[in-house]
2 protein chains.
Amino acid sequence: MSSSVQSKRVRKTPEARRAEIVDRAAAIALAEGLECITMRRVAEELDVRPGLISHYFPVAEDLVAEAFGSAASAELDELLPSARTPGQPLRYLARFFALTSGENYDGMSRLWLNARHLSRYREILRDRVGHQECLWRDRLTELIREGADAGTVRTDDPVAAAIQILVVLDGLSAHANTDRSDRPAVVSGMAVSTAERVLGLAVGSLAALATATPADRTTGHPTTDHN
Amino acid sequence: MSSSVQSKRVRKTPEARRAEIVDRAAAIALAEGLECITMRRVAEELDVRPGLISHYFPVAEDLVAEAFGSAASAELDELLPSARTPGQPLRYLARFFALTSGENYDGMSRLWLNARHLSRYREILRDRVGHQECLWRDRLTELIREGADAGTVRTDDPVAAAIQILVVLDGLSAHANTDRSDRPAVVSGMAVSTAERVLGLAVGSLAALATATPADRTTGHPTTDHN
DNA sequence: TTGCCTATTGGTCGCACATCCAATAGCGTG
DNA sequence: CACGCTATTGGATGTGCGACCAATAGGCAA
């Protein structure tokens, strides 16, 4: 329980304080949306005065963009780790879809929708979203290309495949907020089935890989066990 | 040019005034987003005092939901008219995709993204969005089913097909705000190619129909010309 | 024309926000 | 231990918002 009485003032290095602020703002964004990032709110949660936040981020929008970038980057490293045990692109792809379908991904999924919408009004955030978009696409493209080179994936345009997969994921994110179709199977299965089609994989092959290699957000990486 | 001096007070019937307010709010939503619908803003554009708006909409959120519903319904009737000249489901489908890809659709596309995001916080709006989602899906399903019955479309699940098409359209809307892929063809072609696949149509057939029957937002309906 | 009903006004309240700045006090340095 | 640098405070300013309500005046009916 955070006490509501303010503690004695604590002095930290600018770098540490700045990181602390961004982390807190990112947590708020994931839990309640980018609009909930306010100087007052972040200050309160850090048990600091609002003036301090605006000292580090004279323009509020910078903090919002920074928070989004931080959250998105962290999630990207979680979903599509840049350092991989080589030779298993399909396992990583399966893991990617398992994680993006899981309930743990809800927050990030909403955050992307949130950021995309807010991008219309806030230029700084728009640039950041565009940048993250490139990062995600490149990371996914790299994985697909590795699969294509190894022959486990069949596509003549890895970039296009990555884009199409991400677009469908965005569509699913958008729909998730208000879906009333009463056809959860149709909706939830779209990402994987689209991926299997785009990547020239057999129907159900990704799902099979996912169950064979349970997605573990703690250990993070696909196992290198038999088969 | 609207003069900034306020004119003499004009007394209208509640129905007329209410409709006027909703129309104005819907226009604001389409042009600048649902967040820009404020009592003060709508009042100013109607040359009326803010108190009047809150008289008709004691809770602001009701006006926002009403504005979205109004705009979405109008667009639905434009894109997927309920009264159709029978026997041409494919032409209407082609027209639908031509219109949703056009620049005129940008506003509505953003509005959906906007509404989906805001739905997370505002319950009243969420219900309205869910309702509109059903309307759109049902209207599209009906069209697909008509095609399936006529044999021009091949699908064993018209509802699933409609959902998948709408999900991809949502994904494209989301992406449109920040796309940096430098692969416009990949992105813009996704809706139609997904539709052709889901509906069991030959690649390019919808595009061919669209050019043969130019989408005219004025006359609105596919022509009944030869062929 | 008169009078009444009610649509409309104009003003107020409280709240939350970003932004700014002089004063303060934590803490490493000497 | 004393000092000075600067991270941090606290308070003020101005904006825009929804909500509320007694007073007003438009326009229809009698």
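Of the atoms of DNA strand D within 4 Å of the protein, what percentage belong to sugar or phosphate? In this predicted model the value is 67%, and the rest belong to bases.

Before going on, the conventions: residues are numbered from 1 along each chain as its sequence is written, and chains are lettered from A and ligands numbered from 1 in the order in which they are written. Local features need pLDDT of at least 70, side-chain atom pairs count only at pLDDT 80 or more, totals for chains, interfaces and linings use all residues, and side-chain values use heavy atoms, with hydrogens and water left out.

Around DNA strand D there are 21 residues, the closest being Arg17(A), Val48(A), Tyr56(A), Arg11(B) and Arg40(B), where near means having a heavy atom within 4 Å of the strand.

Now to the largest pocket, whose volume is about 660 Å³, taken as the space filled by probe spheres set on grid points joined across faces, edges and corners. A pocket here is an open set of points on a 1 Å grid over the protein atoms alone, where a 1.4 Å probe fits, with protein on both sides within 12 Å along at least five of seven lines, and lining residues have an atom within 4 Å of a point. Its lining comprises 29 residues, with Thr100(B), Ser109(B), Leu172(B), Ser173(B) and Ala176(B) nearest the centre.
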